[in-house]
Protein chains: 2
Amino acid sequence: MNETVKYFLDESRIPKAWYNIQADLPKPAPAVLHPGTHKPVGPDDLAPLFPMELILQEVTQEREVPIPEPVREVYRQWRPSPLYRARRLEKVLQTPARIYYKYEGVSPAGSHKPNTAVAQAFYNQQAGVKRLITETGAGQWGSSLAFAGALFGLDVQIFMVRVSYDQKPYRRALMETYGARCVASPSNETESGRAILAKDPNHPGSLGIAISEAVELAVQRDDTKYALGSVLNHVLLHQTVLGLEAIAQLEMADDYPDVIVGCTGGGSNFAGIAFPFIGAQLRGGKTVRVVAVEPSACPSLTRGTYAYDFGDTAHLTPLTKMHTLGSTFTPPGFHAGGLRYHGMAPLVSHLKELGLIEATAYRQTKVFEAGVQFARAEGILPAPEANHAVKGAIDEAVRCREEGVSRAILFNLCGHGHFDMQAYMDYFAGKLEDRDYDRAELAMALAGLPSVAEPA
Amino acid sequence: MNETVKYFLDESRIPKAWYNIQADLPKPAPAVLHPGTHKPVGPDDLAPLFPMELILQEVTQEREVPIPEPVREVYRQWRPSPLYRARRLEKVLQTPARIYYKYEGVSPAGSHKPNTAVAQAFYNQQAGVKRLITETGAGQWGSSLAFAGALFGLDVQIFMVRVSYDQKPYRRALMETYGARCVASPSNETESGRAILAKDPNHPGSLGIAISEAVELAVQRDDTKYALGSVLNHVLLHQTVLGLEAIAQLEMADDYPDVIVGCTGGGSNFAGIAFPFIGAQLRGGKTVRVVAVEPSACPSLTRGTYAYDFGDTAHLTPLTKMHTLGSTFTPPGFHAGGLRYHGMAPLVSHLKELGLIEATAYRQTKVFEAGVQFARAEGILPAPEANHAVKGAIDEAVRCREEGVSRAILFNLCGHGHFDMQAYMDYFAGKLEDRDYDRAELAMALAGLPSVAEPA
């Protein structure tokens, strides 16, 4: 029947360098600005937050950034991750499309996030840092940094958005098993948190608030740094192992994608799978359609404004130009999955403006329907975030059937859903609401955008 | 630092045949007896329960049983599974031991159980079966058969022990996402279930009862068969892919185990990792110590009686000679993990009687302590069942340190614990009780053993 087609790379084929799309951009991305002066930030401005190696990765224009051997060592635990041809799904869909998916759920934390967590933990350890502070929403990132911290002997503290903290005790337990400390955000441990709680003691929290708390605490001690799981250039850079492996695996398949689909929250797994292919195109290679898929409940790319905005609610971070819903954005209560951040990675936003990628948004019941169809056909149960990519890929495959055309579709299945069964239960019970993010709330959040012009 | 050492096999190295230890036994295992006549059962007696190919595998004396290509096809999704050298754990333990572990959590269901679920689904589909009925305790087996059923187009119904059904809704949701139907056992759908409920409407259930329900229902329809996730010879046979791959992987490491440790519930993952090595020894190869580790709350190998007993509570199954706690055994309420079956696989029991394996039992807090230590060192969070093997391996490694001897220790990490975080939370909260299975209850359960002699 030949229904399982796995493209398998020897561990010697784990990339030796990450791919930096900044080297190939036709126009550089807008500068990151200091929140006070509105002038471009320099490395020293960021030094309280990150070790210098990561700051340099944030701005480097080199095409290849070598992956340190100790990071590749840890990658070897689960990398190269498998690339599959989804033959059973193709059969169910009766499509002439060739559907490929990269599967990142094989990592110990169950998602793509360790690709950058391990690198960040390594560079911080090398810089003598003892403690990392971060935030997490659905929990994929927090689990991954907890995992990486355990391997590199770093203390890890995680501000977990309160609604997730309460709803997902098992995610929390995973972080704690790795030895991390998990705190519900907004918390009483920071000024930012106390200010929010003073207004609303039952505030459900948001990623923007949790980032404020983490940043505030991180800058207070020399042995402590901040870590972010998406959005920033260096995070996207680390995820390119994904796309680089996929290129090699598709060579084994003697194929090349016509369409790449990725889900987008902050943008890191999307960048990881897509950037190496977009880079090849920019250097004269084959043109590939790239589709970013986001939830209609958190539609930064499809309904946000492209403008300078803060990364957090308390406005402690630098200003970056990105597609944003406004830094006061709180995802609506009916939204079940991750992908909850108010902004989009500046590099992903920039590519959108350059016309190198498209974006589309889906409501959640259709997304879960696609995930269940995928699980029954391919045997892997995706995380709710990954279901967005699955839905996008299925729609492309159905279009192939309707047009009678065979295209190669590649997507990233960024994690398994074993910690997300409540959302599946809600889906089966008909409890998932299908609404878009509210128009009036959106207008209000956007009205709060700072008025900052791009430097000449 | 060279801390991740993974032995990696190309998928062409997935075994082409399972290994059958019956071919190499110095003395054959006692016959399986008909529950009514107490005479050895023939293939026809088992035909209402299983397709003929599986019945023949139950009794074959051939050393190698070819793995059908469609089964290998599905295996390719995650096989060969990785074998790791646990260098970080060795460092934490300051042991001269060389610790290796095979990791089965990479399968889509997260454990070793799909190795046999896929094979069983295939043979049933080939035989024209439309529906499989089974039982599950902690849920690893039910998830795996649901997964395999989805791939081979079979309806799957699962009787889930009520206490797990109530405590583990997410396991249930996983089975349902794969399209299976999950019923709390004891249920009103069978005579066996109704009889139990009549006596105690709040009965927590047991694997023995759930097996009775599944068997009762399976024999009622020609298009329906029964499936079991452990204990039987053919199930153990299918799991030998594990040990066969490990032999090849340890050859790459230029090493061979001095000690093999496996956790035992029904015995299938233990047999999977150990039988190929024991077989090599029986054919004149190197002697290897083999240690079966079980919970002191369900101590069939260490405190059970070696006698003929039923596989289920309602006495619908054939009689097998095994280490048993009595078919009315219900695991005590304080026991958190899996490994809850009253009996041990007849082949594993037979090896114990032949002196080819040892057995030891642990209380649960020590087992979870070992699991947390492993997670922090190696980055993988084990299932509670797997923690028994981890604890056994750690104890062997500590002994190496104390004796100043470097031995090679191999164990099977049979699954990840992502569905078992409640048990970890209970462990951290100090809620796990450390007790052995009650002596008086044990005596009572054993008093109910049928008095059946081994045929001459």
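## Contact between the two chains

In this predicted model, 49 residues of chain A are in contact with 49 residues of chain B, where contact means heavy atoms within 4.5 Å. Chain A and chain B bury about 4,300 Å² between them, and 59% of that area is on carbon and sulfur atoms. Buried area is the accessible area (1.4 Å probe) that two parts lose on being put together, summed over both. Across the interface of chain A and chain B, 18 residue pairs are in polar contact, both residues being at pLDDT 80 or more. A polar contact is a pair of N or O atoms within 3.5 Å; within protein, one must be able to donate a hydrogen and the other to accept it, and residues adjacent in sequence count only if both atoms are side-chain atoms. The count of salt bridges across the interface of chain A and chain B is zero; a salt bridge is a side-chain nitrogen of Lys or Arg within 4 Å of a carboxyl oxygen of Asp or Glu.

On the side of chain A that touches chain B, at least two residues come from each of α3 (69–75), α6 (140–152), α8, α16 (364–378) and α18 (421–428) of chain A. The largest share, six residues, is supplied by α8(A). Helices (H or I, at least four residues) and strands (E, at least two) are DSSP runs, numbered from the N terminus.

## Relation of the copies

Chain A is superposed on chain B by a rotation of 180° with 0.0 Å of shift along the axis, at RMSD 0.0 Å. This is the relation of a two-fold axis. The same surface serves both copies, as 100% of the contact residues of chain A recur in chain B. Copies are superposed by least squares on the C-alpha atoms of residues with pLDDT of at least 70 in both.

## The parallel sheet of chain A

In chain A, four strands form an open sheet with parallel pairing, in the order β8-β7-β6-β9. Two strands pair if DSSP finds at least two bridges between them. β8 (181–185) and β9 (224–226) of chain A are the edge strands, each pairing on one side only. Neighbouring strands of this sheet are turned by 25° against each other on average, direction ignored. Three parallel bridges join β6 (131–136) of chain A to β9(A), and in β9(A) the bridge partner of Ile133(A) is Tyr226(A).

Two helices are described against this sheet. Helix α8 (169–177) of chain A lies across β6, β7 (155–161) and β8 of chain A and runs at about 170° to β7(A). Helix α10 (207–218) of chain A touches β6, β7, β8 and β9 of chain A, and its direction makes about 170° with that of β6(A). Axes are lines fitted to C-alpha atoms, for helices over the stretch in contact, and angles run from 0 to 180 degrees between N-to-C directions.

## The mixed sheet of chain B

Chain B has an open sheet of seven strands with mixed pairing, in the order β1-β4-β5-β15-β10-β11-β14. The edge strands β1 (4–7) and β14 (358–362) of chain B each pair on one side only. From one strand to the next the twist averages 25°. β1(B) pairs with β4 (83–86) of chain B in the antiparallel sense over four bridges; the bridge partner of Thr4(B) in β4(B) is Ala86(B). Helix α12 (241–252) of chain B lies across β1, β4, β5 (98–103) and β15 (408–413) of chain B, at about 140° to β5(B).

## Backbone exceptions

Most residues other than glycine have a negative phi, and most peptide bonds are trans. Arg79(A) and Pro80(A) are joined by a cis peptide bond with omega about -15°, and Pro80(A) lies in the loop between α3 and β4 (83–85) of chain A. Another cis peptide bond joins Ser185(A) and Pro186(A), with omega about 5°; Pro186(A) lies in the loop between β8 and α9 (191–199) of chain A. Gln94(A), which is not a glycine, has a positive phi of about 50° and is found in the loop between α4 (87–93) and β5 (98–103) of chain A.

## Salt bridges

The structure holds 46 salt bridges over all chains. One of them joins the side chains of Glu358(A) and Arg289(A), at 2.8 Å from N to O. This pair links distant parts of the chain: Glu358(A) is in strand β14 (358–362) of chain A and Arg289(A) in strand β11 (289–295) of chain A, 69 residues apart.

## Conventions

Residues are numbered from 1 along each chain as its sequence is written, and chains are lettered from A and ligands numbered from 1 in the order in which they are written. In this predicted model local features need pLDDT of at least 70, side-chain atom pairs count only at pLDDT 80 or more, and totals for chains, interfaces and linings use all residues, while side-chain values use heavy atoms, with hydrogens and water left out.
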